[in-house]
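Visitor: I would like to learn how to read a fold from its parts. Could we go through one together, taking each feature in turn?

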Amino acid sequence: MVRRKFLLIALIAVASTMCLGAAVVRSPCVSGNDITTGCINGSVINVIGTSGTPGSPGGSGGTRPTGTSGSTGSGAPVIWKCLEVTCASDSPGAAPITLRDIASFRPTPGVQYMQPDGWTVPGLDTNFYAVTGVHIVEGRLLGQPASVRFTPVSWHWDYGDGRTANLPTKGDTWAALGVSEFDPTPTSHVYAQAGTYTIRLVIDFRAEYRFAGSPFYPIDGVIPLPANDLHITVDGAKTVLVEHDCGVNPSGPGC
């Protein structure tokens, strides 16, 4: 029993020193004298396995896992272990995963909208908002199956009239915000002059990655991703006095 524990500790110690990159690797079955793990990366090591019955001098030896080599006949006992080594990306000195490494994982662009749709009045608030959210993209990273989680963190609006806004919110509809039409919102904009404008939006996404069975690990930096363009006509409004609104009297003045 003492020898069994000693070999298990030795296997864990050797496995923890062999992590150099970023992957989750299932090693072959190994013995205490033949350690060949394939782990690349970090400081979190999970060792999972079973051991055979140790041999004894003159005995038949332990049960050897399929695909391994070494003697299990008479002589010194050999304890076999099948290891699964999981390495995390936060190992001191390990090369970190970068945005360049996840270039094949494509985040889904956001979509921007406006209220009113396509037109507004000078001096009144036009409401802009985006539809986007956290999403996960599956693929392969460093040759291993992996997931990348994208989270929108900032929204950069260019309103087309020389003014811009860098905001921490995607905004929402007037109804969802519980305000009336043309009321100001955290993402609204007021056009001073009549004209036609193009509104552009870029959303910054943060990325995290994980391999099978591991937690998510953050990646430094953000990915700026353009949304769709919007086109708006800003024009004056005329006020007329009517007996009923246009819903009641569609043929009334100004309807």
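Visitor: Which residues touch the most other members of the largest nonpolar core?

Guide: Bear in mind that this is a predicted model. The largest nonpolar core has 33 residues, and the ones that touch the most other members are Ile102, Phe150 and Ile199. Strands E5, E6 (135-141), E7 (144-158), E8 (164-167), E10 (195-211), E11 (217-226) and E12 (230-234) each supply at least two residues of this core, and E10 gives the largest share, with eight residues.

Visitor: What does Phe150 touch, leaving aside residues up to four places away in sequence?

Guide: The contacts of Phe150 include Ile102, Phe105, Arg106 and Pro107, then Gly133, Val134, His135 and Val137, and also Phe205, Arg206, Ala207 and Ile223. For the chain as a whole, residues 24 or more positions apart account for 65% of the contacts with a separation of 6 or more.

Visitor: How many helices and strands does the protein chain have, and what pattern do they follow along the sequence?

Guide: The protein chain has two helices and 12 strands. Its pattern is α-β-β-β-β-β-β-β-β-α-β-β-β-β when read along the sequence. Of its 255 residues, 38% are buried, while the chain exposes about 14100 Å², of which carbon and sulfur atoms supply 55%.

Visitor: How should I read the pairing of strands, and which strands pair with E10?

Guide: As a general idea, strands of a sheet pair through backbone hydrogen bonds, either parallel or antiparallel. In this structure E10 runs antiparallel to E7, to which 12 bridges join it, and Pro152 stands opposite Phe205 in E10. Seven bridges join E10 to E11, again in the antiparallel sense, with Leu225 in E11 as the bridge partner of Ile203.

Visitor: In what order do the strands of the open sheet lie, and which of them stand at the edges?

Guide: Three strands form the open sheet, in the order E3-E5-E9, and the pairing is antiparallel. Strand E3 (111-115) and strand E9 (189-190) are at the edges, because each has a single partner strand, so that one side of each is left without a neighbour in the sheet. E3 is joined to E5 (residues 125-131) by five bridges, and Ala130 in E5 is the bridge partner of Gln112.

Visitor: Which side chain makes a polar contact with that of Gln112, and which residues does Gln112 touch?

Guide: The side chains of Gln112 and Trp157 are joined by a polar contact of 2.9 Å. Beyond residues up to four places away in sequence, Gln112 touches Phe128, Tyr129 and Ala130, Trp157, Ile199, Arg200 and Leu201, and then Ala227, Asn228, Asp229 and Leu230.

Methods: Residues are numbered from 1 along each chain as its sequence is written. This is a predicted model: local features need pLDDT of at least 70, side-chain atom pairs count only at pLDDT 80 or more; totals for chains, interfaces and linings use all residues. Side-chain values use heavy atoms; hydrogens and water are left out. Helices (H or I, at least four residues) and strands (E, at least two) are DSSP runs, numbered from the N terminus. Buried means under 20% relative accessible area, exposed over 50%, partly exposed in between (1.4 Å probe, protein chains only). Contact means heavy atoms within 4.5 Å. Accessible areas come from the Shrake-Rupley method with a 1.4 Å probe; for residues, only the protein chains shown count as cover. Two strands pair if DSSP finds at least two bridges between them. A nonpolar core is a set of buried Ala, Val, Leu, Ile, Met, Phe, Trp, Tyr and Cys residues joined through side-chain atoms within 4.5 Å. A polar contact is a pair of N or O atoms within 3.5 Å; within protein, one must be able to donate a hydrogen and the other to accept it, and residues adjacent in sequence count only if both atoms are side-chain atoms.
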